[in-house]
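This report examines a protein structure with attention to its pocket, one of its helices and its salt bridges. Please consult the sequence and coordinates alongside the text.

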Amino acid sequence: MAERTYTKTYIKEWREYRGLSLRRLADRLELDGPDETLSHSSIGRIENGQQPYSQPILEALAHALNASVTDLLSVDPTKEGEVVDLVRLINENNNRDLAVRLLKSLTGTDG
């Protein structure tokens with residue numbers, strides 16, 4: 001029987017971007033319930049598309065990696081990580097209007 005491969009994610013890229021080993025990431029996970037854990041080897045299989053993941057696992061990984069679930073599924077932080085982090089910081093601090101004005105000024109589009 002052929003080995004099933006699951007959809008590509010950017011979990012590994014986010015983990016490496018945050019400077020975490022598989023073990024450190026496993027230690028940081030907060031899953032619901034005291035009996036729910038995810039081993040570092042399971043995380044590795046998820047990263048490599050060899051093991052399925054669930055919404056609760058994605059949410060726990062996102063929280064541990066200071067990213068969104070959407071980031072883990074569609075954003076490569078090696079290409080967009082700093083920009084994504086800055087946008088998140090702008091949104092968290094309600095500085096969007098200021099950031100837009102600053103970017104328009106820098107690009108000369110502040111008509």
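The sections below treat the pocket, then a helix, then the salt bridges.

## Basis of the report

The structure is a predicted model.

## The largest pocket

The largest pocket has a volume of about 210 Å³. Its lining comprises 10 residues, and Leu 86, Val 87, Ile 90, Ala 99 and Leu 103 are those that lie nearest the centre of the pocket.

Two helices, α6 (77-92) and α7 (96-107), each supply at least two residues of this lining. By residue class, the lining of the largest pocket divides into eight nonpolar residues, one polar and one charged.

## Helix α7

Helix α7, which contributes to the pocket lining, has 12 residues, and at 1.5 Å a residue these should span 16 Å.

In terms of burial, α7 is hardly covered: one of its 12 residues counts as buried. After α7 comes Gly 108, which has a positive phi, near 75°.

## Salt bridges

The structure holds three salt bridges. One of them joins the side chains of Arg 15 and Glu 47, with an N to O distance of 2.6 Å. This pair links distant parts of the chain, since Arg 15 belongs to helix α1 (residues 11-17) and Glu 47 to helix α3 (residues 40-47), 32 residues apart. Buried means under 20% relative accessible area. Arg 15, with a relative accessible area of 8%, is therefore buried, and Glu 47 counts as buried because its relative accessibility is 10%.

Another salt bridge is formed by Glu 13 and Lys 8, whose closest N and O atoms are 2.9 Å apart. Glu 13 has 18% relative accessibility and so counts as buried, whereas Lys 8, at 47%, counts as partly exposed. Lys 79 and Asp 76 also form a salt bridge, their closest N and O atoms being 3.8 Å apart. The cut-off for a salt bridge is a nitrogen-to-oxygen separation within 4 Å. In this pair, Lys 79 is exposed, with a relative accessible area of 68%, while Asp 76 is buried, with a relative accessible area of 12%.

Conventions:
Residues are numbered from 1 along each chain as its sequence is written. This is a predicted model: local features need pLDDT of at least 70, side-chain atom pairs count only at pLDDT 80 or more; totals for chains, interfaces and linings use all residues. Side-chain values use heavy atoms; hydrogens and water are left out. On a 1 Å grid over the protein atoms alone, a cavity is a set of points where a 1.4 Å probe fits but cannot get out, and a pocket is an open set with protein on both sides within 12 Å along at least five of seven lines; lining residues have an atom within 4 Å of a point. Grid points are joined across faces, edges and corners, and a volume is the space filled by probe spheres set on the points. Helices (H or I, at least four residues) and strands (E, at least two) are DSSP runs, numbered from the N terminus. Ala, Val, Leu, Ile, Met, Phe, Trp, Tyr, Cys and Pro count as nonpolar, Asp, Glu, Lys and Arg as charged, and the others, Gly among them, as polar. The expected span of a helix is 1.5 Å times one less than its number of residues. Buried means under 20% relative accessible area, exposed over 50%, partly exposed in between (1.4 Å probe, protein chains only).
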